[in-house]
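The structure is shown below.

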Amino acid sequence: MTIFYILLIFMVVAAVIAVETKDLLSSVICVSAIGFGGSLMFLFLRAPDIAITQVVVEVLSLIILIRATISRDLTFITGDREFFGTVVSVVIIFVIFLAGLKILDTLPDFGTPVFARVAESPSQIYVRKGLEDTGAANIIAAIILDYRGYDTLGEATVLFTSILGAIVILRSPARKRLGEPDK
Amino acid sequence: MGQEQQNSNTAQKESFSNGVKGMTIIVKTISIWVKVLIFLFGINIVLFGHLTPGGGFAGGVILASSYVLLMLSFGREFVEENLPLPLASKLDCVGAFMFALVAILGLVFGGSFFVNFLYQKYLPGQPLHLISAGTIPLSNIAIGLKVGVSLFLVTLSLSMFKADLSETEKE
């Protein structure tokens, strides 16, 4: 359990540094360090699927962030923070934290979800009968592509549409400036 | 046709040893070898998604990052000759269409939409082998192709956008 606290404190410290530092490259690297800490936590929580996905998405988004935000002439963030906005945000966060403390008392213990005690709940049925219902040894692949395949279809549609929107926005000025006719 | 191929071959040989575009020759040599290994590893994670951890999404991101490695060490034009933007868009659409086709074939051959008709009726296979779990490997291949080409397209478009922005700043 102590390794979780160490990684959590590491991620919180990296997040604070990412917000407070003035150098843009250090800020981007600290954002990426948060992602790596999260992937280590998934590995210690025995979820290798999510750990693999978190590591590779973190590396790729680090490359895209550096390409998108850092240019040769702007490497430092300048400007002050205004006082009234900071006070309002801190007060709102504190009120939400107090409300959250009351809700955290009703949560079950760490590692024992509520439906693990009920034998006929869907999670226990997926774990027990996953191999003979779908034939896949990886229960996660069986859940996201057989039991809950419709949700994966929705997620693939969202990914497709967002990539389409990004390419349309990023493409037409380049075509116009390079002199090709707009099709 | 032969003249064009000779021109593109000499262009690629020039960009291999050219110091201005891309990185030094040590980085270029190593990244060619490493790119093939990363690509093969991504195909392994996509194909065995129903047996080992991973699956379509993680494998697709690994496939995209192998091409991003080439883009970082050789420059954008080298990669755009190998996998141009219209061909990548078509591959993206083929991946999405294959995923929807697997779902619709579940409606045609099985009873309901997106049912695992290959496992339940035609091709059960043996567990823990490559041919098992019905339509799950097919869905993994479709998702891996789609996610990989999508992320490659976003990085290529961002690179073209940034190059175009720096050109207009110089004017």
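## Helix α5 of chain A

Helix α5(A), residues 122-134, spans only 15 Å between its end C-alpha atoms, whereas a straight helix of 13 residues would span 18 Å at 1.5 Å a residue. The expected span is 1.5 Å times one less than the number of residues. Helices are DSSP runs (H or I, at least four residues), numbered from the N terminus.

A kink of about 55° in α5(A) is centred on R128(A); the bend at a residue is the angle between axes fitted to the seven residues ending there and the seven starting there. After α5(A) comes G135(A), with a positive phi near 85°.

## Basis of the model

This is a predicted model, in which local features need pLDDT of at least 70 and side-chain atom pairs count only at pLDDT 80 or more, while totals for chains, interfaces and linings use all residues. Residues are numbered from 1 along each chain as its sequence is written, and chains are lettered from A and ligands numbered from 1 in the order in which they are written.

## Contact between chains A and B

Chain A contributes 35 residues to the contact and chain B 46 residues, two residues being in contact if their C-beta atoms, placed from the backbone, lie within 7 Å. On the side of chain A that touches chain B, the elements giving two or more residues are α3 (48-69), α5, α6 (139-147) and α7 (149-177) of chain A. Of these, α7(A) gives the most, with 14 residues.

## Helix α3 of chain B

Helix α3(B), residues 56-74, has end C-alpha atoms 28 Å apart, which agrees with the 27 Å that its 19 residues should span at 1.5 Å a residue. G75(B), whose phi is positive, near 95°, follows α3(B).
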